[in-house]
Amino acid sequence: SQATIYFKDEIINENGNTLYDVSGRLLPVRIKRRISQNSFEIDISGLADGLYLLRVKVAGGYKTVRIIKGN
């Protein structure tokens, strides 16, 4: 129901993050909890099983993370 996003050497901006499914459809991103400057948890409970791409805004630009939700 949640995914933890962590970057060792990056400061994550809580705004400007976008989530896409494999067909490119934009989905809402809900940050559940900020853990530290370089990590946070997002709520994926409302998503169907499958592959998603999360574009995370960091101090130097953007990084893309794959999220696989499944049983």
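The model is predicted, so local features need pLDDT of at least 70, side-chain atom pairs count only at pLDDT 80 or more, and totals for chains, interfaces and linings use all residues. Residues are numbered from 1 along each chain as its sequence is written, and side-chain values use heavy atoms, with hydrogens and water left out.

Let's start with the sheets. Strands here are DSSP E runs of at least two residues, helices are H or I runs of at least four, and both are numbered from the N terminus. Two strands pair if DSSP finds at least two bridges between them.

Take the sheet of 3 strands. It is open, its order is β1-β5-β4, and the pairing is antiparallel. At the edges stand β1 and β4, residues 31-36; each has a single partner strand, so one side of each lacks a neighbour in the sheet. From one strand to the next, the twist averages 20 degrees. For that angle, axes are lines fitted to C-alpha atoms, for helices over the stretch in contact, and angles run from 0 to 180 degrees between N-to-C directions.

Now the pairs. β1 and β5 are antiparallel over 5 bridges. Ala-3 has Ile-42 of β5 as its bridge partner. β4 and β5 are also antiparallel, over 4 bridges. There, Arg-34 has Phe-40 of β5 as its bridge partner.

Next, the sheet of 4 strands. This one is open too, ordered β3-β2-β6-β7, with antiparallel pairing. The edge strands are β3, residues 26-27, and β7; with a single partner strand each, one side of each is left without a neighbour in the sheet.

How many bridges join β6 and β7? There are 9, in the antiparallel sense. The two strands form a hairpin, with 2 residues between them. Across that pair, Val-56 stands opposite Lys-63 in β7, and Lys-57 stands opposite Tyr-62. On the β2 side, residues 18-21 pair with β6 over 4 bridges, antiparallel. Thr-18 faces Arg-55 of β6 there.

On to the core. A nonpolar core means buried Ala, Val, Leu, Ile, Met, Phe, Trp, Tyr and Cys residues joined through side-chain atoms within 4.5 Å. Buried is under 20% relative accessible area, exposed is over 50%, and partly exposed is in between, with a 1.4 Å probe and protein chains only.

The largest nonpolar core has 16 residues, and Ile-5, Val-56 and Ile-67 have the most contacts inside it. Two or more residues come from each of β1 (2-6), β5 (39-43), β6 (50-58) and β7 (61-69). β6 gives the most, with 4 residues.

Ala-3 and Ile-5 point to one face and are buried.

Contact here means heavy atoms within 4.5 Å. Leu-54 lies in β6. It is buried, at 0% relative accessible area. Beyond four places in sequence, Leu-54 contacts Ile-5, Thr-18, Leu-19, Val-29, Ile-42, Lys-63, Thr-64, Val-65 and Ile-67. Leu-54 and Ile-5 are 49 residues apart in sequence, with C-alpha atoms 9.4 Å apart. Ile-67 has contacts beyond four places that include Ala-3, Ile-5, Leu-19, Ile-42 and Leu-54.

Is Asn-15 buried or exposed? Asn-15 is exposed, at 59% relative accessible area. It sits in the loop between β1 and β2. Its C-alpha atom is 13 Å from that of Lys-32, 17 residues along the chain.

Arg-34 is in strand β4. At 29% relative accessibility, it counts as partly exposed. Outside four places in sequence, Arg-34 touches Ile-12, Asn-13, Glu-14, Ser-39 and Phe-40. Arg-34 and Lys-69 are 35 residues apart along the chain, and their C-alpha atoms are separated by 21 Å.

Last, the rings. The charged end of Arg-55 sits over the ring of Tyr-62, 3.6 Å from its centre. The test is NZ of Lys or CZ of Arg within 6 Å of the ring centre and within 35 degrees of the ring normal. How many aromatic pairs does the search of the whole structure find? It finds 0. Rings of Phe, Tyr and Trp (its six-membered ring) would need centres within 6.5 Å; planes under 30 degrees apart count as stacked, over 60 as edge-to-face, and the rest as tilted.
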